[in-house]
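Dear colleague,

Please find below the structure that I am handing over to you. My notes on selected parts of the fold follow it.

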Amino acid sequence: MATNFGKIQIGIYVEIKRSDGRIHQAMVTSLNEDNESVTVEWIENGDTKGKEIDLESIFALNPDLAPEEEDIEPSPETPPPPTPLAKVNKLAKNRRTVVPVKNETPARDNRAVSARARPSQITDQSSSIHQNGSVPDISPAAQAMKKEFGPPSRRKSNCVKEVEKLQEKREKRRLQQQELREKRAQEVDVATPNYEIMCMIREFRNSLDYRPLTNADLIEEHRICVCVRKRPLNKKEVSVKDLDVITIPSKDVVMVHEPKQKVDLTRFLENQTFRFDYAFDDTTSNEMVYRFTARPLVETIFERGMATCFAYGQTGSGKTHTMGGDFTGKNQDCSKGIYALAARDVFLMLKKPNYKKLDLQVYATFFEIYSGKVFDLLNRKTKLRVLEDGKQQVQVVGLSEREVKCVEDVLKLIETGNSCRTSGQTSANAHSSRSHAVFQIILRKKGKLHGKFSLIDLAGNERGADTSSADRQTRLEGAEINKSLLALKECIRALGRNKPHTPFRASKLTQVLRDSFIGENSRTCMIATISPGMASCENTLNTLRYANRVKEFGISPSDIPFSQGSSSRSDLSPSYEYDDFSSFTRVKELTVDPSGADLRPNIHVQNQLDDLDVQWPIGSSPQRDDLKLLCEQNEEEVSPQLFTFHEAVSQMVEMEEQVLEDHRAVFQESIRWLEEEKALLEMTEEVDYDADSYATQLEAILDQRIEILTELRDKVKSFRAALQEEEQASKQINPKRPRAL
């Protein structure tokens with residue numbers, strides 16, 4: 001006997017019960033007669049799911065679809081067998097046991113019979129049912145009467161009717177789905193791009209239990225503190241309706257909702273999670289960021305220590321805002337930045353009795369490091385030289401220190417320095433800081449160094465993508481910036497792990513800040529600033545992975561604060577694998593370290609001028625050792641092509657310094673030669689001058705000039721060859737980032 005599916009048809013929606021107890025609607029896609037079940041499908045979290053359910057479970061949840069008691073009849077699609085009389089009598093006997101009597105529900109019986117019976121049997125069967133409550137046997141005479149109605153082609157078969165019904169329902173369902181899509185589009189604003197991603201992010205955030213950082217939270221003591229600050233969407237991002245893909249659910253967790261696309265073009269979110277010492281959301285003020293990061297370091301410098309605070313991140317992510325102060329258009333309020341807040345607390349600490357008796361003086365310096373060169377921002381960007389004295393102490397020769405008596409003096413110095421800082425255009429920002437700005441608050445006791453607080457606004461890390469640029473200056477900028485960031489990371493890690501050696505000579509930035517990484521009483525804080533927009537997602541991930549490697553935090557699913565009762569915790573848990581993180585960071589830092597610039601010695605070019613002997617030797621053995629150590633520690637991140645470029649840039653930058661110094665020395669010699677030649681010419685004006693002496697002296701002067709100028713010319717030729725070598729090496733760098741293994 002064929003399975004009776006009642007009112008269940010393909011295309012209708014029925015209630016189903018999931019294995020976890022949830023009940024929801026699903027669409028019937030097929031009817032399975034062999035095992036008396038139906039196949040249903042539904043959409044969950046953007047994916048289509050399905051399962052097979054037996055009829056009893058379907059009828060239990062959908063009683064209105066259960067078969068009527070009198071609806072037991074052979075399928076109209078199958079023709080009657082060769083012996084119809086016996087089978088019809090058998091059906092009739094079965095019906096006599098289940099069909100109700102006349103006075104129970106006659107209206108329902110009429111409806112069932114009229115819906116199920118064939119036109120040729122309606123009159124006879126209905127009257128028979130109402131009179132006797134049973135189905136009469138079909139005699140051969142009745143079959144002959146059915147043939148008199150003509151061939152069956154005059155009416156549509158039940159199969160065709162069922163197909164038409166299914167098609168009609170399908171059209172209705174499509175119209176309903178279209179209306180539903182239009183309604184959803186109206187709810188999320190049709191003009192908003194990526195509204196599907198926005199809905200997924202909103203759904204994920206609704207499952208979280210937010211516990212942000214507050215002023216009531218305790219300030220923990222860290223020798224190395226790494227935190228992250230998220231800025232709000234800016235006007236440009238709001239105007240193009242960019243999505244906020246950064247979520248900070250708790251005081252130390254940052255989540256990035258990275259949009260991805262499957263092979264079948266289905267879009268989904270890859271939620272990547274990071275943990276740090278502190279995480280500040282877009283509502284946090286500069287004062288609160290300072291309270292948890294730089295403020296605990298102020299007391300360190302009064303205890304004869306060295307403190308350092310870095311702001312690291314993509315251009316436009318809020319580094320200068322955090323360190324320098326709030327912006328109103330192009331005007332900056334320096335009083336609300338970490339520079340000024342730290343200076344304020346320094347002057348407050350000076351008034352405490354235990355520090356007041358030390359009789360300390362406060363000085364400030366402000367300089368920038370651009371392409372491996374140091375410039376004094378308080379002295380009209382005068383170029384400075386970084387030397388190492390006999391005690392292996394790094395000195396910035398000529399750096400101006402200004403004594404400050406109050407916070408207002410500090411603000412004036414900050415405004416002066418910011419006005420002449422080097423900036424330029426990048427792919428991320430039209431006004432990008434291309435240099436590292438270093439502001440230092442120095443405490444001195446009777447002229448001797450007591451403590452130093454270095455506050456550094458680092459250059460934008462997106463410059464790493466410019467190492468293969470066609471413009472040499474852009475390449476060198478990116479190479480120097482990323483080399484210094486890589487060296488900075490290794491120095492901070494060496495400080496945190498108490499390593500016996502710190503590779504501070506690997507870059508100009510770490511060389512200048514050497515005293516901040518050496519010693520037991522040194523503390524460091526890094527503030528990684530990130531942009532929330534989906535367009536900045538890649539740079540944001542680069543920043544977070546760099547900051548994570550500085551201290552290498554662990555992360556577990558329990559660190560994610562899901563709200564109570566979230567039924568899909570396992571589905572919403574982000575995918576975070578350390579191997580993926582390492583490979584991505586390796587990709588990022590393949591562009592970090594191509595520059596090993598200005599560190600490799602050129603043994604073929606020796607400077608023989610006496611006034612260059614006092615210069616700190618760029619190609620000295622300790623520096624080569626630090627550079628080699630840096631490359632070994634990041635061996636997997638430096639390809640052979642990048643290392644070749646590294647060497648070429650090193651040689652070129654070193655030769656540039658030597659040529660400039662030689663040219664400067666030759667210029668000074670030329671002034672002396674002119675004076676000597678002037679004296680010789682004056683001697684010839686005498687009536688009885690000694691011609692032999694004149695010729696001898698002039699020949700000596702010319703020989704000396706020829707020798708020095710020839711040497712300078714040879715070095716210039718070597719320098720030009722180094723420039724060509726650097727250009728060829730830059731073309732060998734593969735601009736495509738390698739895939740993670």
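I begin with a pairing in the sheet: Phe-375 has Lys-383 of strand 15 as its bridge partner. The model is a predicted one, in which local features need pLDDT of at least 70, side-chain atom pairs count only at pLDDT 80 or more, and totals for chains, interfaces and linings use all residues. Residues are numbered from 1 along each chain as its sequence is written, and side-chain values use heavy atoms, with hydrogens and water left out.

Helices (H or I, at least four residues) and strands (E, at least two) are DSSP runs, numbered from the N terminus. Two strands pair if DSSP finds at least two bridges between them.

Strand 14 (residues 373-376) runs antiparallel to strand 15 (residues 382-388), and three bridges join the two. They form a hairpin with five residues between the strands, and Arg-380 in its turn has a positive phi of about 55°. Strand 14 is also joined to strand 13 (residues 361-370), again antiparallel, by four bridges. Here Glu-368 is the residue opposite Phe-375. The hairpin of strand 13 and strand 14 has two residues between the strands, and Ser-371 takes a positive phi near 55°.

In a regular strand the side chains alternate between the two faces of the sheet. In strand 14, Lys-373 and Phe-375 point one way, while Val-374 and Asp-376 point the other way. All four are buried, that is, under 20% relative accessible area, where over 50% is exposed and the range in between is partly exposed (1.4 Å probe, protein chains only).

Positive phi values also occur in two loops. Glu-36, between strand 2 (23-32) and strand 3 (37-44), has phi near 50°. Its relative accessibility is 48%, so Glu-36 counts as partly exposed. Lys-241, between helix 8 (235-239) and strand 6 (246-250), has phi near 60°. Its relative accessibility is 32%, so Lys-241 counts as partly exposed.

Finally, helix 12 (residues 338-350) and helix 14 (residues 407-419) pack at about 155°, with axes 9 Å apart. Helix 12 is therefore roughly antiparallel to helix 14 (under 35 degrees is roughly parallel, over 145 roughly antiparallel, 65 to 115 roughly perpendicular and the rest oblique). Axes are lines fitted to C-alpha atoms, for helices over the stretch in contact, and angles run from 0 to 180 degrees between N-to-C directions. The contact (heavy atoms within 4.5 Å) includes Tyr-339 and Phe-347 of helix 12 and Leu-411 and Ile-414 of helix 14.

With kind regards
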